Amino acid sequence: MSDNLKDVIKSYYQSQSTNTDIYAKKSFKALNSFSLAALALAFCALIFFMRPVNYNTSIMKEIAYNHNKALEPEILSSELPLLQQRLVKLDFNIINSQKINSKNWQVIGARYCSIKGKIAAQIKLRNIKTNKTYTMYQAQLGKMPADSEYTSGNTTVKIWNEDGLLLGIAGPESLETL
């Protein structure tokens with residue numbers, strides 16, 4: 001009888017082993033669901049943090065940053081030809097923009113800066129009507145942005161293309177009338 005009892009007990013426990021298979025399957029499903037949720041969350045974070053920045057906006061943010069540093073001109077002159085002559089590293093000619101009414105502006109001076117890694121002229125201007133200081137930028141970029149305006153805090157930036165150059169102006173107020 002002891003052999004028969006052993007066989008009955010052995011048979012009973014062997015029939016119970018399928019429960020561990022059920023638990024293993026449930027654990028795998030739970031782990032699989034958790035993995036999919038984590039993967040979806042990681043993908044959403046990647047899209048949010050790695051979204052491309054608009055080319056125009058990145059240029060205008062860089063111009064606003066340079067303007068807000070408020071660096072003094074290295075060359076003091078109110079004459080663009082003299083500034084051009086002294087800014088020898090520029091591989092383009094500084095222009096007198098058609099969009100800026102020169103009667104409303106006084107040139108104070110200029111210095112070098114960079115926009116998108118390219119050398120640029122940073123020209124300090126004073127608005128004669130408001131007596132506020134602005135900064136004009138001129139650079140020769142490979143990819144030219146579209147005309148745009150951007151405001152961040154107290155700084156407004158306007159960019160446009162003229163004679164194959166990127167031109168931008170940054171200042172403390174709206175640039176509706178230049």
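In which helix does Leu80 lie? Please take me from that residue to the strands around it.

Mentor: Leu80 lies in helix H4, which covers residues 80-86. Keep in mind that this is a predicted model. Leu80 has a relative accessible area of 19%. The cut-off for buried is under 20%, so Leu80 counts as buried.

Now look at what Leu80 touches. Leave aside the neighbours within four places in sequence. Leu80 is then in contact with Ile94, Ile95, Asn96, Val107 and Ile123. Strand E2 spans residues 105-115, and Val107 is one of the contacts of Leu80. Strand E3 spans 118-127, and Ile123 is another of those contacts.

Step back for the whole chain. It has four helices and seven strands. From the N terminus on, the order is α-α-α-β-α-β-β-β-β-β-β. The chain has 178 residues, and 35% of them count as buried. Take the contacts between residues at least 6 apart in sequence. Of these, 58% join residues at least 24 apart.

Next, the sheet. The seven strands form an open sheet, in the order E1-E2-E3-E4-E7-E6-E5. The pairing is antiparallel. Strand E1 (75-76) and strand E5 (148-152) are the edge strands, and each pairs on one side only. Helix H3, residues 55-69, packs on this sheet. H3 touches E2, E3, E4, E5, E6 and E7. The direction of H3 makes about 125° with that of E6.

Stay with E3 and find Gln122, which is in that strand. Gln122 is buried, with a relative accessible area of 7%. Its side chain meets the side chain of Tyr137 in a polar contact of 2.9 Å. Beyond its neighbours within four places in sequence, Gln122 has contacts that include Asn66 and His67. Others among them are Gly109, Ala110, Arg111, Tyr112 and Cys113. Thr135, Met136 and Tyr137 are also in contact with Gln122.

Lys89 lies over the face of Tyr112, at 5.5 Å from the ring centre. There is a second case of this kind. Lys143 lies over the face of Tyr55, at 4.3 Å from the ring centre.

Now the aromatic rings. A search of the whole structure finds one aromatic pair. Trp105 and Tyr134 form it, in an edge-to-face arrangement. The centres are 4.9 Å apart, and the planes are at 90°. Trp105 lies in strand E2 and Tyr134 in strand E4 (residues 133-139), so the pair ties together parts that are 29 residues apart in sequence. Trp105 counts as buried at 9% relative accessibility, and Tyr134 counts as buried at 2%.

Strands E5 and E6 pair in the antiparallel sense over five bridges. Ser148 stands opposite Ile159 in E6, and Glu149 stands opposite Lys158 in E6. E5 and E6 form a hairpin with two residues between them. In that turn, Gly153 has a positive phi of about 65°.

On its other pairing, E6 (residues 155-162) meets E7 (residues 165-171). These two strands are antiparallel, with seven bridges. Here Val157 stands opposite Ala170 in E7, and Asn161 stands opposite Leu166 in E7. This pair is also a hairpin with two residues between the strands. Asp163 takes a positive phi near 50° there. E6 itself is mostly covered, with six of its eight residues buried.

Start at Leu80 in helix H4. Go on to Gln122 in strand E3. Then trace the polar contact from the side chain of Gln122 to that of Tyr137. End at E6, which pairs with E5 and with E7.

How values were computed. Residues are numbered from 1 along each chain as its sequence is written. This is a predicted model: local features need pLDDT of at least 70, side-chain atom pairs count only at pLDDT 80 or more; totals for chains, interfaces and linings use all residues. Side-chain values use heavy atoms; hydrogens and water are left out. Rings of Phe, Tyr and Trp (its six-membered ring) pair if their centres lie within 6.5 Å; planes under 30 degrees apart count as stacked, over 60 as edge-to-face and the rest as tilted. Buried means under 20% relative accessible area, exposed over 50%, partly exposed in between (1.4 Å probe, protein chains only). A charge sits over a ring if NZ of Lys or CZ of Arg is within 6 Å of the ring centre and within 35 degrees of the ring normal. Two strands pair if DSSP finds at least two bridges between them. Contact means heavy atoms within 4.5 Å. Axes are lines fitted to C-alpha atoms, for helices over the stretch in contact, and angles run from 0 to 180 degrees between N-to-C directions. A polar contact is a pair of N or O atoms within 3.5 Å; within protein, one must be able to donate a hydrogen and the other to accept it, and residues adjacent in sequence count only if both atoms are side-chain atoms.
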